[in-house]
Amino acid sequence: MRSNPAEFEMVAPADLPSALSLLTAAGERWTPIAGGTDLMVQYAAGHLHARRLMSIARLPELRRVEVLADEIQIGAGATYTDLRGNETIARELPLLAQAAGWVGCISNQNRGTIGGNIVNASPAGDSLPALLAYGAELILVSARGERRVPYGKFHTGYKKMELAEDELIRAVCVPRKFAGYLQHARKIGTRNAQAVSKIALAALARMENGAVADVRISLGSVAPVPMRLAATEGFLAGKSLDADLIAGAAKMAAGEVKPIDDIRSTARYRAAVVGNLVAEFLERLLAQPEANGTVLARWNALEAGEAAGEILACCGSRAWAREMAARRPLADETAVLAASDAVCASLRDEDWLEAFRAHPRIGEKKAEAAAPKQSAAWSAQEQSAASAADEKTKAALAEGNREYERRFGRIFIVCATGKTSAEILAILRKRLQNDAVTELRESAEEQRQIAQLRLKKWLRA
Amino acid sequence: MTKRGATKRDITFTVNGERKTVCAFPMERLLDVLREQLGLTGTKEGCGEGECGACSVFMDGVLVDSCLVPVLQAEGASVVTIEGLGADARARAVQDAFLEYGGAQCGICTPGMVLAAVHLLRAKSAPTMDEIREGLAGNLCRCTGYLQILEAVAAAARKSAGQG
């Protein structure tokens with residue numbers, strides 16, 4: 001039964017180019033092996049057809065996880081343990097992190113790779129429903145070059161896939177746009193560990209005003225390849241979520257899957273449980289709409305340009321707004337405030353000057369530059385203590401402002417929230433003594449504080 | 001299937017701190033090389049397919065099933081078997097607790113159980129019972145019924161924490 005090691009050749013190329021050139025060698029067919037959690041099981045049982053194996057377990061090019069502005073690129077050689085231990089994946093792609101924890105047991109997770117899970121092409125592959133739900137793409141590489149294939153088009157039938165003999169999966173790319181989504185994953189198996197799934201679900205959805213704005217439901221082990229429930233998703237889209245809608249979606253989902261009877265379960269059981277799992281997901285969505293309805297969740301999900309435009313009201317530098325948008329998704333208020341401070345530290349003088357121009361003079365209503373409506377409203381609030389001043393102080397402030405502008409060529413910036421006009425006047429007179437470099441630095445610090453206060457107001461709106 | 005003559009070759013790796021060179025077919029299992037060439041029979045064979053954990057070893061500090069590792073993939077690695085755990089204080093605490101709580105009976109699963117427990121405690125010094133269950137879920141035992149083993153690991157964690 002057991003295979004005879006004398007009948008198997010094996011090589012371990014040192015880097016990716018060497019591996020790819022072996023895959024193109026005429027007349028030889030090398031089968032890649034990474035963690036061996038599938039192939040070595042076949043080998044042990046005497047069922048491994050491949051006789052020439054190429055170890056790719058240690059190719060450094062395949063193990064990296066790169067966090068880019070709009071996607072996370074996970075090297076195909078990343079192990080399930082790597083996925084579970086990566087903070088960005090745990091935070092932004094919890095469906096994938098959870099699925100990695102479903103695989104076999106700790107020792108299997110230490111060896112098995114996400115690329116291996118994909119090419120093994122089992123309909124029960126634990127990570128696959130998550131990849132499908134996220135709309136992941138695969139980067140395939142060969143000596144001929146690279147190409148990107150949506151994961152949803154990669155598995156074309158039972159154990160069939162869109163992968164040429166000379167190609168390897170180099171990376172799995174998952175978009176970073178699900179911060180405002182409720183994410184829900186469930187595996188049904190005979191036990192928590194070491195069980196092939198009877199059914200696995202990965203689903204996520206975003207709500208808007210009580211209606212389902214975007215929903216993605218994927219399932220494993222219910223068809224020859226992992227499947228998205230396109231009909232059920234279409235049925236839910238745009239409708240307001242309630243008990244009747246959930247019941248309808250559950251029924252539709254149970255009818256949409258194409259399960260079979262096998263040693264692990266029956267088709268009837270699988271279809272019934274699919275309906276229950278979809279209902280469970282939607283009930284959670286109904287119960288936690290606030291998790292999806294926050295300002296931050298909505299902003300995290302916007303297109304970059306829109307996100308920058310909205311946050312510009314908090315600080316009028318376009319460079320600041322662009323960089324804030326690029327740092328999304330941001331997890332919470334603390335992360336937003338920290339991001340703002342970090343971005344402020346990188347701004348150039350002209351960025352600061354642009355931010356200053358979005359403020360009206362203390363005691364006036366209209367900014368020099370066209371400021372967003374929200375910015376003007378906040379300016380009025382911030383300066384409310386100052387505007388309650390007596391006529392004499394008002395006149396002194398107006399005169400101080402003019403002197404400041406003559407001296408520095410721009411308006412006087414101060415974080416006015418909570419300060420009386422007398423206090424502001426004292427600060428203004430002191431700052432008039434500054435040299436230009438010091439004054440720019442102090443103005444920038446005031447602007448940074450204003451941004452912090454406005455970000456808090458914006459998030460709590 | 002035609003038989004093709006793969007050739008044996010020298011493969012060097014570190015075992016329990018000592019550099020070893022074995023002459024083996026590259027697809028021989030690390031498990032067999034450890035037991036048959038290096039005489040390290042503390043590593044057991046159970047299922048031979050990565051489900052039972054009896055063949056657990058550390059490879060570069062990480063828990064793996066040696067039945068699933070072609071020996072060529074261990075080239076240059078640092079392998080630690082149950083025999084090499086002796087001086088490790090945490091392993092000592094786990095072994096003592098296994099004795100005290102009746103965590104070992106026939107002994108086939110015990111080396112793998114101890115390695116899985118040490119691997120868990122290195123990452124989480126004060127694991128919850130759920131974390132202990134997860135950490136040992138890849139190791140099967142047909143004697144104890146598991147509870148004694150889980151309690152032994154919890155006790156070892158408490159003891160190590162007290163010393164730490």
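Modeller: Before we start, one definition: a residue is buried if 20 or more other C-beta atoms lie within 10 Å of its own. Also keep in mind that this is a predicted model.

Colleague: Thanks! So how much of chain A is buried?

Modeller: Buried residues make up 44% of the 461 residues in chain A.

Colleague: And what is chain A built from?

Modeller: Chain A has 22 helices and 14 strands. Its radius of gyration is 29 Å, well over the 23 Å that the globule rule gives for 461 residues, so chain A is more spread out than a compact globule.

Colleague: What are the spans of chain A along its principal axes?

Modeller: The C-alpha trace of chain A spans about 100 × 55 × 35 Å.

Colleague: What share of the contacts in chain A join residues at least 24 apart, counting pairs at least 6 apart in sequence?

Modeller: That share is 65%.

Colleague: OK, on to chain B. What's in there?

Modeller: Chain B has five helices and five strands. Along the sequence they come in the pattern β-β-α-β-β-β-α-α-α-α.

Colleague: How many residues does each chain put into the contact between them?

Modeller: Chain A gives 26 residues and chain B gives 30 residues. On the side of chain A, the elements that give two or more residues are β1 (9-11), α2 (39-44), β3 (52-55) and α6 (106-111).

Colleague: Which of those gives the largest share?

Modeller: That is α6(A), with five residues. By class, the side of chain A that touches chain B has 13 nonpolar, nine polar and four charged residues.

Colleague: Let's change topic. How do helices α20 and α21 of chain A pack?

Modeller: Helix α20 (residues 391-408) and helix α21 (residues 421-431) of chain A pack at an angle of about 25 degrees, with their axes 10 Å apart. Angles under 35 degrees count as roughly parallel, and α20(A) and α21(A) are therefore roughly parallel to each other. Their crossing is left-handed.

Colleague: Which residues meet there?

Modeller: From α20(A), the residues include A:L397, A:G400 and A:Y404, and those from α21(A) include A:I424, A:L425 and A:L428. By class, this contact of α20(A) with α21(A) has seven nonpolar, three polar and two charged residues.

Colleague: And what about α14 and α15 of chain A?

Modeller: Helix α14 (residues 304-311) and helix α15 (residues 318-326) of chain A pack at about 125 degrees, with their axes 8 Å apart. That makes α14(A) oblique to α15(A). The crossing of α14(A) and α15(A) is right-handed.

Colleague: Who's in that contact?

Modeller: A:A304, A:A307, A:A308 and A:I311 in α14(A) meet residues of α15(A), among them A:A321, A:R322 and A:M324.

Colleague: Which residues have a positive phi?

Modeller: One of them is A:S221, with phi near 70 degrees. A:S221 lies in the loop between β13 (211-220) and β14 (227-228) of chain A. Another is B:D60, with phi near 50 degrees, and B:D60 is in the loop between β3 (56-59) and β4 (62-65) of chain B.

Colleague: Are those two buried or partly exposed?

Modeller: A:S221 counts as buried, because it has 29 C-beta neighbours inside 10 Å. B:D60 is partly exposed, with 14 other C-beta atoms within 10 Å.

Colleague: Last one: where is B:P127, and what does B:P127 touch?

Modeller: B:P127 is in the loop between α3 (110-123) and α4 (129-135) of chain B. Not counting residues up to four places away in sequence, B:P127 touches B:L120, B:I132, B:G135 and B:A157. With 18 C-beta neighbours inside 10 Å, B:P127 counts as partly exposed.

Conventions: Residues are numbered from 1 along each chain as its sequence is written. Chains are lettered from A and ligands numbered from 1 in the order in which they are written. This is a predicted model: local features need pLDDT of at least 70, side-chain atom pairs count only at pLDDT 80 or more; totals for chains, interfaces and linings use all residues. Axes are lines fitted to C-alpha atoms, for helices over the stretch in contact, and angles run from 0 to 180 degrees between N-to-C directions. Helices (H or I, at least four residues) and strands (E, at least two) are DSSP runs, numbered from the N terminus. Angles under 35 degrees count as roughly parallel, over 145 as roughly antiparallel, 65 to 115 as roughly perpendicular and the rest as oblique. A crossing is left-handed if the near helix is turned anticlockwise from the far one by less than a right angle, and right-handed if clockwise. Two residues are in contact if their C-beta atoms, placed from the backbone, lie within 7 Å. Ala, Val, Leu, Ile, Met, Phe, Trp, Tyr, Cys and Pro count as nonpolar, Asp, Glu, Lys and Arg as charged, and the others, Gly among them, as polar. A residue is buried if 20 or more other C-beta atoms lie within 10 Å of its own, exposed if 12 or fewer, and partly exposed in between; C-beta atoms are placed from the backbone. The radius of gyration is taken over C-alpha atoms; the globule rule is 2.2 Å times the number of residues to the power 0.38.
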